[in-house]
Amino acid sequence: MATHFLLVGSSAGGIGVFNNADYFLEKWISKSTVFRAAPVSGFYFPGTLYLYPEFILDIEIPFNNIASTYITSWFGSALDESCARNTPRLQQHKCWDASHLYQFVDTRLFMIENRYDSNILEAILLCPLEHLHNNNTESFLKWFGDTMIEGLSSTIQSDRGMSKGDGLFSPSC
């Protein structure tokens with residue numbers, strides 16, 4: 001029997017770690033086993049986000065609810081049970097969004113998240129970093145990096161994060 005267990009997932013797997021760590025601990029892991037979880041590049045989303053095309057036009061339509069509603073309904077995503085239980089039914093899609101979900105995860109976490117997550121920036125928020133370098137992309141990149149740091153800090157350094165002993169590694173590359 002294992003004495004220690006580390007649940008790790010990267011990108012979509014990191015999202016899965018956030019949503020399933022407590023389930024693993026409660027249903028599959030012996031009470032005597034030391035259990036930790038490490039979501040890698042799975043902090044979707046660090047706070048309120050806007051699509052790049054709207055950002056450059058000063059249109060502020062938060063993207064989080066649109067994305068989490070679509071993903072949870074299209075893919076039938078499994079959501080953290082305590083989050084779903086404590087979130088109104090029509091807003092349970094927010095339990096997919098790490099900035100909302102974090103407050104419900106009881107498992108100790110060591111988060112690894114790039115301040116400038118290229119998948120979120122380019123594939124999700126549609127910022128053409130690889131193809132276009134101008135004041136708009138630079139401004140968006142700075143805004144996103146600041147949003148990521150604020151989101152990571154408000155989780156790990158919150159009373160909840162501190163009491164659990166959660167940790168963070170966040171390179172800026």
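**Note on the predicted model**

1. Ser 11 counts as partly exposed because its relative accessibility is 29% (buried is under 20% relative accessible area, exposed over 50%, partly exposed in between, with a 1.4 Å probe and protein chains only). The model is a predicted one, in which local features need pLDDT of at least 70 and side-chain atom pairs count only at pLDDT 80 or more, while totals for chains, interfaces and linings use all residues. Residues are numbered from 1 along each chain as its sequence is written, and side-chain values use heavy atoms, with hydrogens and water left out.

2. Ser 11 is placed in the loop between β1 (4-10) and α1 (helices are DSSP runs of H or I with at least four residues, strands runs of E with at least two, numbered from the N terminus). Between Ser 11 and Tyr 102 there are 91 residues in sequence and 16 Å in space, C-alpha to C-alpha. Tyr 102 also carries a charge over its ring: Lys 164 lies over the face, at 4.9 Å from the ring centre (the criterion is NZ of Lys or CZ of Arg within 6 Å of the centre and within 35 degrees of the ring normal).

3. The largest pocket has a volume of about 250 Å³. On a 1 Å grid over the protein atoms alone, a pocket is an open set of points for a 1.4 Å probe, with protein on both sides within 12 Å along at least five of seven lines; lining residues have an atom within 4 Å of a point. Its volume is the space filled by probe spheres set on the points, which are joined across faces, edges and corners.

4. The lining of the largest pocket consists of 16 residues, with Ala 12, Ile 15, Ile 71, Phe 75 and Trp 96 nearest the centre. Two or more lining residues come from each of α1 (12-27), α3 (64-75) and α6 (118-124); α1 gives the most, with 4 residues. By class, 11 lining residues are nonpolar and 5 polar, with no charged residues (nonpolar: Ala, Val, Leu, Ile, Met, Phe, Trp, Tyr, Cys and Pro; charged: Asp, Glu, Lys and Arg; polar: the others, Gly among them).

5. The structure holds 15 aromatic pairs. One of them joins Phe 18 and Phe 43 in a tilted arrangement, 6.0 Å centre to centre with 45° between the planes. (Rings of Phe, Tyr and Trp, the last by its six-membered ring, pair if their centres lie within 6.5 Å; planes under 30 degrees apart count as stacked, over 60 as edge-to-face and the rest as tilted.) This pair links distant parts of the chain, 25 residues apart: Phe 18 is in helix α1 and Phe 43 in the loop between β2 (34-40) and α2 (52-55). Both Phe 18 and Phe 43 are buried.

6. Phe 55 and Phe 140 form an edge-to-face pair, with 5.0 Å between centres and 75° between planes. Helix α2 holds Phe 55 and helix α7 (residues 135-156) holds Phe 140, so the pair bridges parts of the chain 85 residues apart. Phe 140 counts as buried because its relative accessibility is 0%. Ring pairs also link Phe 5, Tyr 23, Phe 24, Trp 28 and Phe 35 into a cluster.

7. The backbone has some points to check by eye. Most residues other than glycine have a negative phi, and most peptide bonds are trans. In this model, a cis peptide bond joins Tyr 44 and Phe 45, with omega about 15°; Phe 45 is found in the loop between β2 and α2. Ser 41, in that loop between β2 and α2, has a positive phi near 50° and is partly exposed because its relative accessible area is 21%. Leu 126 has a positive phi of about 65° and is found in the loop between α6 and α7. A relative accessible area of 46% makes Leu 126 partly exposed.

8. Leu 49 is another residue in the loop between β2 and α2, and at 0% relative accessibility it counts as buried. Leu 49 and Ile 66 stand 17 residues apart in sequence and 11 Å apart in space, C-alpha to C-alpha.

9. Met 111 belongs to strand β3 (residues 110-112) and is buried, at 1% relative accessibility. From Met 111 to Leu 168 the C-alpha to C-alpha distance is 4.7 Å, across 57 residues of sequence.

10. Ser 82 lies in helix α4 (residues 81-85) and counts as buried because its relative accessibility is 15%. The Ser 82 side chain reaches the backbone oxygen of Phe 104 at 3.2 Å.

Definitions and conventions: A polar contact is a pair of N or O atoms within 3.5 Å; within protein, one must be able to donate a hydrogen and the other to accept it, and residues adjacent in sequence count only if both atoms are side-chain atoms.
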